[in-house]
Amino acid sequence: MKSRFIAAAFALMAAASFAAPARATTPSIVIDVSTGGVLSHDQATQSWYPASLTKLMTVYVALDAVRQGRISLETPIMMSPRAARMAPSKMGFRVGTEVTLHNALIMLMVKSANDIAVAIAEGVSGSVEAFADDMNSASAALGMSQSQWVNPNGLPDSRQVTSARDLAILGRALYLYFPEHANLFNIGAMQLGRQIHPTHNGLLGRYPGADGMKTGFTCPAGFNLVASATRGGRRLIAVVLGAPNPVARTAKTAALLDRGFQSGGAVASLAALPSSGPTAAPDLRESVCHHRGPATAAFMAEVDDLSAPMGSAQTGIALLDTLSGAQQQPHLNAKDVARLPRPSFAPVQVYVGRAPGYVGPVARSRAPGAPVGEQPDL
């Protein structure tokens, strides 16, 4: 009888675990951009692989170099053999192709092009390694004490880690220090020739007030997002790391932003969150790229816990107007927003080659520290 009792107990435990999967425990944070106050946080200082969120750091270093006069937005950057060898996502330009830094930054944000990230790094600092040093210097100056950078695109490297807190600091710094370039993070689509490339940010055009910033994905990192939204002159940034798929990533971010806009005030400051420096990041390959079913169920259960109906007062975006016509706006929650059809955007035009009438140096791979325009140190 004792053995039957133990067996029955184990059966009940197994059934309970199957019926109610464990809640997701991936990092997130929401901050108010103007004050830097933390509105909510969960494991915000856990080390994590940034994936293509790295490119926000690449943009910051490039724009800082423009401000210092080391390079201009009209400066052509040249594709090197190293850049052309990068794994997708990429533009696929041939070695020797020139693209203005401004066009390169748009390609970086919309297409998340890994080859363009390397070309920018070499154009700004001479080499990927020198650019990584610049990334780490800028990161430290911003107080991103849990970040370590070794490449400009976020392709997998166990040494390259950050945290939700650090990414919130970075997103805030981009808006505060370079407000004239805020439109870089709010591009719904870009067009090169006849090809149109849509954004990967599922909030743009779907979530009321969404106006940036960047997505990222690798199997070890999961689906990551730094997102911004503005309502009534108040801009929030939400960071979600390690989602099991793009819909779950968008849904949780929308739910966190909803709660952030409804919150009364900050619960902490970015500086007050404990920081122990970079540590080893977890590898989500098994749960994200092989057996994502249980992880998705747990993650979406957490979204259900966070979600509240948005209500008609918070809607009013073009996509919803089109879907509902003259009827009353639907009452949506975060999961509804994530599953809306893909919005249509007027694409931003980009091109290959130099700006018309440009006369000046070309930025290419060269000896680290050498000024833009010197021949490369082959």
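Mentor: Let us begin with confidence, since this is a predicted model. Over residues 321–329 the pLDDT stays under 50, and for that stretch the model has 11 contacts beyond four places in sequence. Residues 5–23 also keep a pLDDT under 50, with 7 contacts beyond four places in sequence.

Trainee: What does the pLDDT of the protein chain average?

Mentor: The protein chain averages a pLDDT of 88, and 87% of the residues score at least 70.

Trainee: How many helices and strands does the chain hold, and what share of its residues is buried?

Mentor: The secondary structure comes to 12 helices and 11 strands, while buried residues make up 54% of the 378 residues in the protein chain. If we take the contacts between residues at least 6 apart in sequence, 69% of them join residues at least 24 apart. As for the surface, the chain exposes about 16100 Å², of which carbon and sulfur atoms supply 56%.

Trainee: How should I describe two helices that pack together, and at what angle do α4 and α5 pack?

Mentor: Two packed helices are described by the angle between their axes and by the distance between those axes. Here helix α4, residues 101–110, packs with helix α5, residues 114–125, at an angle of about 140°, and their axes lie 9 Å apart. The crossing in which α4 passes α5 is left-handed.

Trainee: Which residues meet in that contact?

Mentor: From α4 come L101, A104, L105, M107 and L108, which meet I116, A117 and I120 in α5.

Technical notes. Residues numbered from 1 in each chain as written. Predicted model: local features only at pLDDT ≥ 70, side-chain atom pairs only at ≥ 80, totals over all residues. Heavy atoms only, no water. Axes fitted to C-alpha atoms, helices over the stretch in contact; angles between N-to-C directions. Helix = DSSP H or I, 4+ residues; strand = E, 2+ residues; numbered from the N terminus. Left-handed = near helix turned anticlockwise from the far one by under 90°. Contact = heavy atoms within 4.5 Å. pLDDT = per-residue confidence, 0-100. Buried < 20%, exposed > 50% of the residue type's maximum accessible area, 1.4 Å probe, protein only. Areas by Shrake-Rupley, 256 points an atom, 1.4 Å probe, with all protein chains shown as cover.
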